Amino acid sequence: MSGICRLSMGARASASLLLKPFACLAAMLAAVLLYSPQSFGAVTFTASEIASGDTGSYSIVSGDFNNDGILDLVTVNAYTVSFYKGLGGGQYAAPVNYSGGGGSQAAAADFNGDGKLDLAIVASDNGVVILLGNGDGTFTPGATLSNEAASTTSLALADFNGDHIPDVAMNDCPMSSSECGVQVRLGNGDGTFQSPIYTGGSGYALVAGDFNADGNQDIAALNFQYSDGFNGVIVLLGEGNGQFQNQIRFELPYSPADMAVGDFYDDRIQTLAVASTGYNKSGTYSAYVQTVQSSNGQLVGTEPQRVFTNSDYSDLFIIAGDLNGDFKDDIVLSGDYRTNPYSPLIEYMLGTGKGTFDAHVNLPVYGEELFYPFIRDLTLNSRHDIGLDWSTSSAGGAYVLLNTNAATNCDPPPANKLGVNVCAPKEGETVGSTFTFKGAGNAFNGIAKRMELWIDGTKVGQNLEDQLKVTTTLSAGTHTASFVVVDSFDNYTSSSVSFVAK
């Protein structure tokens with residue numbers, strides 16, 4: 001999800017973003033690192049980095065940009081956009097670079113409905129720029145979603161009006177004020193967008209999710225040095241038609257840095273994990289994380305949990321996902337320390353399913369800065385991996401941590417369409433009266449945000465991830481199990497099997 005972007009990040013993006021390919025400048029570095037577990041149950045990773053050939057990289061996104069079923073990577077660099085073709089198994093070709101960098105946060109979706117994955121890139125003073133994918137790892141300049149004499153630092157993609165078309169939420173931060181506004185641009189499905197809807201909320205980092213479980217997508221924003229003195233989380237509850245209710249707030253004891261969406265209470269309802277930094281009562285500067293959830297029209301949160309202590313953090317990002325395969329959402333934090341030069345950080349914390357997290361575990365670092373982490377199964381082996389972009393003062397690129405030891409459940413299908421793979425039961429299989437159903441989903445137009453299990457037309461379980469594992473008791477006889485996968489824009493598909501219970 002998004003983080004607060006330093007305004008000093010690289011050159012501003014050109015409004016035209018003319019994407020003229022030029023020769024690839026760098027190849028994959030051969031170094032491969034192995035992280036050893038520090039305690040029982042730790043997750044292990046192999047790490048590799050790829051240089052973009054540009055002077056810095058400020059965002060990264062995964063997706064199948066050439067429609068071969070394998071996830072690729074794209075980084076937004078100081079002057080270029082880099083496409084890293086996925087080769088399978090978490091390996092990538094040397095990048096192909098195109099002009100049009102200088103932005104920060106990026107997100108992928110099919111905005112014009114042509115079955116080819118597109119990009120939305122925060123271009124600061126230019127708002128959000130859409131790059132339409134050509135289906136081969138190249139892009140054509142599309143619409144520019146402008147702001148009003150302001151700087152845009154964050155975006156979130158979701159379907160805010162129920163038409164299954166990707167919409168864009170973006171913030172507008174006037175240069176002369178610390179107060180940011182939020183606008184929503186509803187997609188038309190052809191790569192163009194409607195006039196902005198101003199929500200009345202304000203904030204820096206933005207994420208989208210269904211926080212009150214009413215089936216409508218909401219917006220959460222972080223307020224930092226807001227004009228009325230409020231430091232904390234704002235949630236705008238969606239009405240399902242592109243409109244939003246009055247904001248509800250949760251004040252943080254420390255300065256907000258970033259937030260992530262996940263199922264942190266193991267109740268199949270989306271909540272927020274918020275990272276913040278500040279001095280505690282003893283005068284120690286630390287980073288903290290706490291979960292915030294919607295309850296009876298209000299926001300409530302846990303006590304801040306100290307993550308680590310340092311003299312200063314320049315940037316701090318957070319993302320959520322299931323790293324160890326226990327079907328409880330974990331978090332990854334990354335960023336940098338304000339040293340000279342900057343020094344990177346990346347750590348994970350395993351979720352307890354109670355809104356709290358185990359102690360942080362350090363992961364291998366690279367470069368000077370590690371931004372915009374994401375969690376996704378890059379190798380299609382049912383283990384969730386980590387991707388980030390890395391930067392130094394003179395270089396940047398993609399950084400990948402492949403998960404090597406998490407519990408496996410069911411391999412997902414290819415990434416070039418919304419699809420389901422059913423691992424258990426098999427068609428026609430005879431099973432016992434108590435059985436564990438296993439399936440996995442993958443999504444093209446957005447991530448697979450939810451899986452559901454239906455037996456004989458009745459919903460018996462779900463998980464807010466791309467993996468599904470449900471154990472249930474069955475009556476004797478023939479049954480039909482339907483596995484449903486839903487993407488981030490509420491498109492869905494299913495796969496069914498017939499089986500016999502003894």
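**Rings in a predicted model**

Arg249 lies over the face of Phe230, 4.5 Å from the ring centre; a charge counts as over a ring if NZ of Lys or CZ of Arg is within 6 Å of the ring centre and within 35 degrees of the ring normal. This is a predicted model, where local features need pLDDT of at least 70, side-chain atom pairs count only at pLDDT 80 or more, and totals for chains, interfaces and linings use all residues. Residues are numbered from 1 along each chain as its sequence is written, and side-chain values use heavy atoms, leaving out hydrogens and water.

**Exercise 1.** Work out how the rings of Tyr366 and Tyr399 pair.

*Step 1.* Grab the rule: rings of Phe, Tyr and Trp (its six-membered ring) pair if their centres lie within 6.5 Å, and planes under 30 degrees apart are stacked, over 60 edge-to-face, the rest tilted. That rule gives 13 aromatic pairs.

*Step 2.* The centres of Tyr366 and Tyr399 are 6.2 Å apart and the planes sit at 20 degrees, so this pair is stacked.

*Step 3.* Now check burial (buried is under 20% relative accessible area, exposed over 50%, partly exposed in between, with a 1.4 Å probe and protein chains only). Tyr366 is partly exposed at 24%, while Tyr399 is buried at 0%.

**Exercise 2.** Classify the ring pair Phe435 and Phe437.

*Step 1.* Their centres are 5.1 Å apart and their planes at 85 degrees, so call this pair edge-to-face.

*Step 2.* Phe435 is buried, at 13% relative accessibility, and Phe437 is buried too, at 0%.

**Exercise 3.** Which residues do ring pairs link into a cluster with Phe317?

*Step 1.* Follow the ring pairs: Phe317 is in a cluster with Phe371 and Tyr372.
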